[in-house]
Amino acid sequence: MSNEERPDDALLSAWLDGEVEGSECARIQAWLQAHPEDAARVRLWSADRDALRARFAATLDEPVPERLAQAVWRRGRVAASGPWLQAVAAVVLLGVGVAIGAWWRGGAVRDAQQTAGVPAWTQRAVVAHAVYSPEERHPVEVSVREGDAARQREQEQHLSRWLTRRLSVPVKLFDLRSEGFELVGGRLLPDANGPSAQLMYQDAMGQRVTVYLRKADREASAAFRYDRKGDLGMFYWVEGLCGYALVGPQPRERLLALAEAIAKQDQPPSR
Amino acid sequence: MQADDVFRNQLLGVIPRLRRYARSLVFDSPAADDLVQTTLERALAHWHQFDQRRDLLVWVLSIAHNAHLDQRRRDARLSVVDPERASADQDAQGGDPGVDVGLRIDLVQALGRLTPEQREPLLLVSVEQLTYAECAEVLRIPVGTVMSRVSRARARLRQFLDGSERSADGGQRGLRRVI
């Protein structure tokens with residue numbers, strides 16, 4: 001096509017969506033600069049696109065309704081886990097709080113309401129754990145276990161600084177060695193409206209836990225809450241500007257000890 | 001069993017985006033969540049067919065698309081009423097929302113007046129920000145069709161929002177110039 005040939009609306013629309021590449025893209029840009037009427041029309045489409053995104057954006061941060069979360073966990077698990085199904089049935093029939101309160105008794109920390117009201121971001125923490133923790137070769141984006149001690153220390157500092165800068169909240173590399181867990185490294189992840197981070201720890205048996213960090217929607221502290229999805233347990237809480245979720249397959253008591261160790265640490269590990 | 005739980009966790013993670021798409025497609029929140037639930041149940045029933053190399057969201061959106069299509073076919077009345085009702089509800093001034101051209105209407109009403117064939121690709125590309133190739137995969141139509149439908153949907157939406165539907169065939173030929 002020559003420069004003079006008018007790009008049709010389908011092409012202009014595709015250009016707006018980033019679907020046109022190379023010289024064709026440059027040609028359309030030049031065309032729009034030279035043809036303000038076409039440029040104005042594309043701008044209106046772009047504004048409509050922004051308006052559509054804004055109109056439905058709020059849905060993303062709504063907590064997942066309990067009936068949908070249950071739809072995910074219920075089906076086909078009858079034979080596999082009777083107690084779980086009983087719990088689900090109890091929730092359905094008797095209401096949320098009573099059944100769960102009876103189910104998860106004890107513990108120094110108040111349990112999550114478990115169901116409705118579990119913030120959407122904690123699901124992302126669980127998924128991030130499920131996605132990355134089985135990785136053998138690339139569990140993390142920045143490893144702190146490669147090279148000699150000096151190199152490891154350098155990587156730790158880099159990781160902490162990098163994640164702090166991207167999340168706009170101080171990211172500490174918690175020292176969980178007293179609990180038998182070594183830091184493997186971390187990675188940057190997408191949250192709903194910005195970046196989040198995942199730190200990964202591993203014990204001598206190769207079992208892993210992850211800590212998911214995100215900038216909180218507003219400054220507020222929230223008590224530890226516990227939730228369990230399938231094989232994975234999670235403690236999550238908010239402290240100051242940062243939301244934390246500790247995820248792992250370990251028993252609840254074990255996760256609690258780790259979560260408490262994390263919450264106690266104000267200083268980055270000094271190695 | 002392990003893979004199963006990984007899959008369930010992944011599925012849980014796409015629920016917010018699935019809900020957003022359903023909400024933008026169906027407007028009515030409970031009905032949208034019904035569509036999400038149907039989609040999740042179908043996804044679980046066929047989870048072993050999911051290739052982990054693929055993007056789960058794209059796979060699940062294609063299930064949602066089919067479920068929505070089935071719903072429209074099963075309940076023909078709903079398919080006619082749904083978008084119309086959305087515009088009628090918000091068009092308190094009265095009048096037949098199908099013919100009262102020239103009135104400015106809001107975004108959701110305008111969206112409701114698009115045909116489902118226009119609305120779906122527009123939403124998948126604009127709101128869900130899928131590529132045309134992913135959108136084509138979800139809707140099982142060629143990429144070229146995605147391109148022309150998105151473009152046509154944009155032009156129609158603009159006409160509705162401008163209240164200039166009537167003049168579309170007259171003075172605004174340029175707007176109609178699509179593949």
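This passage describes a seven-stranded sheet in chain A and a pair of packed helices in chain B. The model is predicted, and local features need pLDDT of at least 70, side-chain atom pairs count only at pLDDT 80 or more, and totals for chains, interfaces and linings use all residues. Residues are numbered from 1 along each chain as its sequence is written, while chains are lettered from A and ligands numbered from 1 in the order in which they are written.

Strand 4 (residues 208–215) and strand 7 (residues 242–248) of chain A pair in the antiparallel sense over six bridges, and Y212(A) stands opposite A245(A) of strand 7.

In chain B, helix 6 (residues 116–126) packs against helix 7 (residues 132–139) at an angle of about 140°, with the axes 10 Å apart. Helices are DSSP runs of H or I, at least four residues; axes are lines fitted to C-alpha atoms, for helices over the stretch in contact, and angles run from 0 to 180 degrees between N-to-C directions. The contact (C-beta atoms, placed from the backbone, within 7 Å) involves E120(B), P121(B), L124(B) and V125(B) of helix 6 and Y132(B), C135(B), V138(B) and L139(B) of helix 7.

Note on methods. Helices (H or I, at least four residues) and strands (E, at least two) are DSSP runs, numbered from the N terminus. Two residues are in contact if their C-beta atoms, placed from the backbone, lie within 7 Å. Two strands pair if DSSP finds at least two bridges between them.
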